[in-house]
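Please read them beside the coordinates.

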Amino acid sequence: MSLEQEIDKAARQVSTDAFSLTIGELANLYRDGDVKIDPDFQRLFRWDIARKSRLIESILVRIPLPSIFVFELPNSKWEVIDGLQRLSTILEFMGELKDPDSDDANVPFALIGTQYLPSLRGAFWSEELKQKRLEIDALKKSANDADFVDNTNLYHALDADLQRAIKRTKIGVQLLEKKSDPKSKFDLFQRLNSGGLSANDQELRNCAIVMVNKSFFDRMKSFAESEEFSQLIPLGPTSIRKSNHLDNLSKIIAFSFIDYKIGTDIEEFVTNAMVDIASKSQGDIDQIFDKIQDGMKILIDSCGYNALRPYRDGEFSGRIGRTSIEIILVGILRCLDNIKSKPDPSSFVKSQIIEFWQSDESKKFSAAGIAGTDRVQFTIPRGIALFSA
């Protein structure tokens, strides 16, 4: 197939339209339920008040805003693919954005002063929203909330002229029509967001998984937050907020159930693998989680919750690294049938793990500064060899 033919084939899988809408029109569509912002996206992507204030400043001083990208659902409603934070910030400021965990609208915080508009400090869309924030602040003040800073004397509401100016501001809309190949929604999301600073690889991966199979993402999240998984690979609150627990689980699933092609970018491989797995039947997905549960149980029964830590001086201790997860846990999952066929699976697993850590090669695998693409071409096969004996 020639390049021209490939272009023609790909182009026929994507049907788009482009137009402009005013902020007021977009707010009305959202209020009527015709524009969907997935709650999981809303939880994952959060701008701070400084970025929100700069966006409102841009609108007021008439700096053109980038287009938002939406996907047309089978019922003709729109799902936001890109531009989530811009649209969410505007809707929240206007008092329209629904809380992802309730049916109530978010109560916005006061804006802060910006480079061109220092008088934005303390601004609210309306007197009603200002009063709601004052009520919340009064409760924080009476409770001696350590995070509360009393700037209530600076609060003020925009006048009607500025509200109208914002509502009349136009935003470009790029529509991916429903007759497009459904996978194009995921592809577009990846291309628009990869390399951005607003989210890390796993946060973007989470959104991609939600697009393909939300129930699979919910199950992943529940598994990653389970007591067994949390104790086996413990993380602090900051790491969890960055979705590192989901990153660990994604990599375990990807390397255990999809063959890695040497030289492939790790993050790209994991994302594509997770999307492929999320697209499987419910029965196949159930088998995957059952297998992970079985493998973890054998590992914990054999060596306890410290099983992924290095074995030194007769005990498992030290930092859990990627090497431990890839060689030991992925190795167990890759060879689970062989392990379960042993007379005493737990004793076999423990002896193999200790044998690995007492070998000279364990130091090579644990060396710092090894790139992921270089490391996994050795760790995954080594884990398979270790537990297929």
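1. Leaving aside residues up to four places away in sequence, Leu299 touches Leu232, Gly304, Ala307, Leu308, Ile328, Leu329, Ile332, Val349 and Ile353. A contact here means heavy atoms within 4.5 Å.

2. This is a predicted model, where local features need pLDDT of at least 70 and side-chain atom pairs count only at pLDDT 80 or more, while totals for chains, interfaces and linings use all residues. Residues are numbered from 1 along each chain as its sequence is written, and side-chain values use heavy atoms, with hydrogens and water left out.

3. Leu299 and Phe387 have the most contacts inside the largest nonpolar core, a set of 58 residues. Such a core consists of buried Ala, Val, Leu, Ile, Met, Phe, Trp, Tyr and Cys residues joined through side-chain atoms within 4.5 Å, buried being under 20% relative accessible area (1.4 Å probe, protein chains only). Helix 15 (residues 282-303) contributes nine residues to this core, the most of any element; helices are DSSP runs of H or I, at least four residues, numbered from the N terminus.

4. A second, separate core has 36 residues, among them Tyr30, Leu120, Ala123 and Tyr155.

5. There is one cavity of 30 Å³ or more. A cavity is a set of points on a 1 Å grid over the protein atoms alone where a 1.4 Å probe fits but cannot get out, and its lining residues have an atom within 4 Å of a point. The largest cavity holds about 50 Å³, as the space filled by probe spheres set on the points.

6. Ile49, Lys52, Thr89, Glu92, Phe93, Pro108, Phe109 and Leu111 line the largest cavity. Helix 5 gives the most to this lining, with three residues.

Terms used:
On a 1 Å grid over the protein atoms alone, a cavity is a set of points where a 1.4 Å probe fits but cannot get out, and a pocket is an open set with protein on both sides within 12 Å along at least five of seven lines; lining residues have an atom within 4 Å of a point. Helices (H or I, at least four residues) and strands (E, at least two) are DSSP runs, numbered from the N terminus. Buried means under 20% relative accessible area, exposed over 50%, partly exposed in between (1.4 Å probe, protein chains only).
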